[in-house]
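Me: I have a structure to go through with you. Could we take it topic by topic?

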Amino acid sequence: MAQEDHFKNLIAHCKEYGFVFQSSEIYDGLSAVYDYGQYGVELKNNIKKYWWDSMVLLHDNIVGLDSAIFMHPTTWKASGHVDAFNDPLIDNRDSKKRYRADILIEDHIAKIEAKIDKEVEKAAKRFNDFDEKLFRETNPRVGDYQRKIEEITAGFASAMNNSDLAAIREIIINNEIVCPVSGTRNWTEVRQFNLMFATEIGSTADGAMKIYLRPETAQGIFVNFLNVQKSGRMKLPFGIAQIGKAFRNEIVARQFIFRMREFEQMELQFFVKPGNEMEWFSHWKEARMKWHKSFGFNDDDYRFHDHVKLAHYANAATDIEYRFPFGFKEVEGIHSRTDFDLKQHQEYSGKKLQIFDPVSGESYVPFVVETSIGVDRMFLQIISAAYCEEEMTKEDGSTDSRVVFRLPPALAPVKLAVLPLVRKDGLPEISRKIVNELRFDFNCQYDEKDSIGKRYRRQDAIGTPFCITIDHQTAEDNTVTIRYRDTMLQERVEIDKLRDIIDEKVNIRTLLRKL
Ligand code: ATP
């Protein structure tokens, strides 16, 4: 199936099965804002728990924080967001569509990369003894594409670093980048657009103060850095982890929950001795990639993308990208933020944000390595990887199909469904008893409606890893059948063994132990 159809079906599936709804849908929706339904919220909570435990539970030197969304407005002056949290936007005069100029260029580069991949693919089919590395180095056409990419990338990095809007436009014009809707090159000038939402705090018009909805959770950590350090008697290196909402007035909102105006971030700010930041940057790069790969999806669908344009606060930065149905895109950013933020807050607040090093006898502002991941993007990553439309051949030779969410069991919204084979002969009562026993350990669902086949399909569609069927034999010998979502195999097991069998697969511990 084409990737585009796969993605469309996934979005429809999320709505039909209570994972994600458009916000305020009855009023025709609000662009780039989404609500999570009954199963979506469970999956999202499980993702957050796994991240939180992997940080706070597994590290002696990482603690949590929950800071407010509203912050003193000077925070955003100090952090640079008032002056520099801009995206370059450009309009196409024919389609009247607005684009992020940097994304138009990045998409153009991705298209050239795709052309190279096609050449490689074609050649691999042609030659038996195919040496991909050699081919990439020596094939003239690939060489031309590669040089083009390098040329655009260099110009792009310099234009972005210098906020040279005319140069950004020139790259779009010179490379004949067209509007995906109108197909024309009738572009306006490039303008800067600040992404922060503003509102007012206070009741009277003249006493009200303009404040911002935070565009990242990080600053709440920085301004509390000394509170946590002192009250927790933390010593370097140490980290503060936080999960919370962030808001950005994104220019182009596309691709479902990939780019939202209200979203959630999971951020770690890790404070280190100046000079040690590169070592910790490498450490967190590897640790975070391991976290992503622990879900057991295809390893080839993840890659690092080192930044050419460094944010104003960073001395090294990389993204962890995932191969979404619409191409490789960022899921998480890892940044070496230097001492920029703490120094800025020190200057703007007039309060010292330093730490005393008993070994050297000096006080200094620590350096920071940040890992920042969007919960919603992570959610999209998981469901994109897990969504599967399967054709099956039954024992009698006929074919059937099912939609199955192959979610990692530890993240699945419902861990087990308990299904009485028939709605009589005491089977519902036995089923209810099992649910009432196991609901203290797992999110369980009882379902007695429709045929057993239909009930299995419903559970497959929401990603439930285990279905327990109660039949007449259960009443005689206390055994049930357990059906495994992925293989659809069934086994007869004793009721008393259920908790252990299920726990071994669905406990978050199974993921945490891989780290
Ligand atoms: P992008 O380049 O895609 O706009 P970014 O580099 O601005 O992202 P960061 O500021 O590094 O993103 O934010 C860290 C993480 O927060 C991102 O990796 C992403 O997972 C998430 N994130 C950022 N913006 C959004 C958004 N508008 N909607 C959903 N998640 C987001």
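Me: Where does proline 237 lie?
Reply: In this predicted model, proline 237 lies in the loop between α10 (225–231) and β9 (238–247).

Me: And what is the peptide bond from leucine 236 to proline 237, cis or trans?
Reply: That bond is cis, with omega near -10°. In general, most peptide bonds are trans.

Me: Turning to the ligand, how many residues surround it?
Reply: The ligand is surrounded by 17 residues, and the closest are Glu250, Arg259, Met260, Glu330 and Val331. By class, five residues of the shell are nonpolar, five are polar and seven are charged.

Me: Which polar side-chain atoms lie 2.9 Å or 3.0 Å from an oxygen atom of the ligand?
Reply: One belongs to arginine 248, at 2.9 Å from a ligand oxygen. Another belongs to arginine 377, at 3.0 Å from an oxygen atom of the ligand. The protein buries 86% of the 590 Å² that the ligand exposes when taken alone.

Me: What lies 3.5 Å from a nitrogen atom of the ligand?
Reply: A backbone N or O atom of phenylalanine 258 lies at that distance from the ligand nitrogen.

Me: Changing topic, which residues are buried in helix α8?
Reply: Within α8 (residues 165–174), the buried residues are Ile168, Arg169, Ile171 and Ile172. Viewed down the axis of α8, these buried residues fall within an arc of 155°, so they line one face of the helix.

Me: What covers the buried residues of α8?
Reply: Their cover includes β4 (86–91), α5 (101–126) and α7 (140–161).

Me: Which residue just after α8 takes a positive phi?
Reply: That is glutamate 176, with phi of about 55°. In general, most residues other than glycine have a negative phi.

Me: Where is serine 24 found, and what is its phi?
Reply: Serine 24 is found in the loop between β1 (20–22) and β2 (34–36). Its phi is near 50°, a positive value in a residue other than glycine.

Me: What about aspartate 28, where is its place?
Reply: Aspartate 28 also has its place in the loop between β1 and β2, and its phi is positive at about 75°.

Conventions. Residues are numbered from 1 along each chain as its sequence is written. This is a predicted model: local features need pLDDT of at least 70, side-chain atom pairs count only at pLDDT 80 or more; totals for chains, interfaces and linings use all residues. Side-chain values use heavy atoms; hydrogens and water are left out. A residue is near a molecule or strand if one of its heavy atoms lies within 4 Å of it. A polar contact is a pair of N or O atoms within 3.5 Å; within protein, one must be able to donate a hydrogen and the other to accept it, and residues adjacent in sequence count only if both atoms are side-chain atoms. Accessible areas come from the Shrake-Rupley method with a 1.4 Å probe; for residues, only the protein chains shown count as cover. Ala, Val, Leu, Ile, Met, Phe, Trp, Tyr, Cys and Pro count as nonpolar, Asp, Glu, Lys and Arg as charged, and the others, Gly among them, as polar. Buried means under 20% relative accessible area, exposed over 50%, partly exposed in between (1.4 Å probe, protein chains only). Helices (H or I, at least four residues) and strands (E, at least two) are DSSP runs, numbered from the N terminus. The arc is that of the directions from the helix axis to the C-beta atoms. Contact means heavy atoms within 4.5 Å.
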